[in-house]
Amino acid sequence: MRRSWVIALAATAAVTGCGDGGGRAAAPSPTAARRLTVTSSAYADGGTVPRRDTCDGAGLSPPLALTGVPAHTAALALLLRDRDAPHGTFTHWLVWDIDPHTTRLPAGEHPRGATEGRNDFGKTGYSGPCPPRGDRPHRYVLTVYAVDRRLSLAADASSADLLRSLSGHTLAVGTLTGRYGRG
């Protein structure tokens, strides 16, 4: 009898936990982000970043394609960070206030009308992957954010400034990860 009672209680909890109480489905909170897709013709997700896009080549930003940007996006922002840098995450590129209708960013070009911030090399704009020689290949994560407002940041804003301004205003996020090593 006691076992039947425990089973009945567990089943009741499971059933009531699965539904929404008969009401409408809850809307996602303003901070809950959807997924957007970021791809590059230069490398696949998880693939090797071409030499031309690194410090060993021309140092061009990779060509990017974006899909799945929500309709009510006010701007896009972008961060390229080395997750395996010797002293913690290292920012190679940060851009904000990219036109929300942007579907492609050509290789080596600054997004028209957008602002590029100060990367961890102390430079404005893109600085390609450049891990220490002899390290295993590093992971470079390029993240694109769809934002519900234009961002009011100083031209020399850091990645920490950008991430703070995105908090609570991100509608969708997409990533593209590339690897690069220098032997």
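This is a predicted model: local features need pLDDT of at least 70, side-chain atom pairs count only at pLDDT 80 or more; totals for chains, interfaces and linings use all residues.
Residues are numbered from 1 along each chain as its sequence is written, and side-chain values use heavy atoms, with hydrogens and water left out.

A quick word on names: helices (H or I, at least four residues) and strands (E, at least two) are DSSP runs, numbered from the N terminus. Two strands pair if DSSP finds at least two bridges between them.

So where does that first pair sit? E8 and E9 are antiparallel partners, with 10 bridges between them. On to E4, which pairs with E8 over eight bridges, also in the antiparallel sense. Look there for Ala77, standing opposite Tyr145 in E8.

Now zoom out. These strands belong to an open sheet of six, ordered E1-E9-E8-E4-E5-E7, and the pairing is mixed. At the edges you find E1 (34–35) and E7 (115–116); each has a single partner strand, so one side of each has no neighbour in the sheet. E1 runs parallel to E9 (residues 170–180), joined by two bridges, and Arg34 stands opposite Ala172 in E9.

Helix H2, residues 159–166, lies across E4, E5, E8 and E9, at about 135° to E4. That angle is between N-to-C directions, on a scale from 0 to 180 degrees, using axes fitted to C-alpha atoms, for helices over the stretch in contact.

There's a second open sheet too, with three strands in the order E2-E3-E6 and antiparallel pairing. Its edge strands, E2 (37–39) and E6 (104–105), each pair on one side only. Three bridges join E2 to E3, and one to look for is Thr39 with Ala65 in E3.

What about the inside? I'll say "buried" for under 20% relative accessible area, "exposed" for over 50%, and "partly exposed" in between (1.4 Å probe, protein chains only). Nine of the 10 residues of E8 are buried, so this strand is largely enclosed by the rest of the structure.

A nonpolar core is a set of buried Ala, Val, Leu, Ile, Met, Phe, Trp, Tyr and Cys residues joined through side-chain atoms within 4.5 Å. The largest one here has 22 residues, and Val38, Leu64 and Trp93 are among those with the most contacts inside it. Which strand gives the most to this core? That's E8, with four residues. A separate core of 11 residues includes Leu94, Leu166 and our opening residue, Val147.

Last topic: aromatic pairs. Rings of Phe, Tyr and Trp (its six-membered ring) pair if their centres lie within 6.5 Å; planes under 30 degrees apart are stacked, over 60 edge-to-face, and the rest tilted. That rule gives two pairs. Phe90 and Phe121 have ring centres 4.8 Å apart and planes at 75°, so they are edge-to-face. Phe90 is in E5 and Phe121 in the loop between E7 and E8, so this pair ties together parts 31 residues apart in sequence. Phe90 is partly exposed at 22%, and Phe121 is partly exposed at 37%.

The other pair, Trp93 and Tyr126, is edge-to-face as well, at 5.2 Å centre to centre with 85° between the planes. Here Trp93 is buried at 1%, and Tyr126 is buried at 15%.

Key
Contact means heavy atoms within 4.5 Å.
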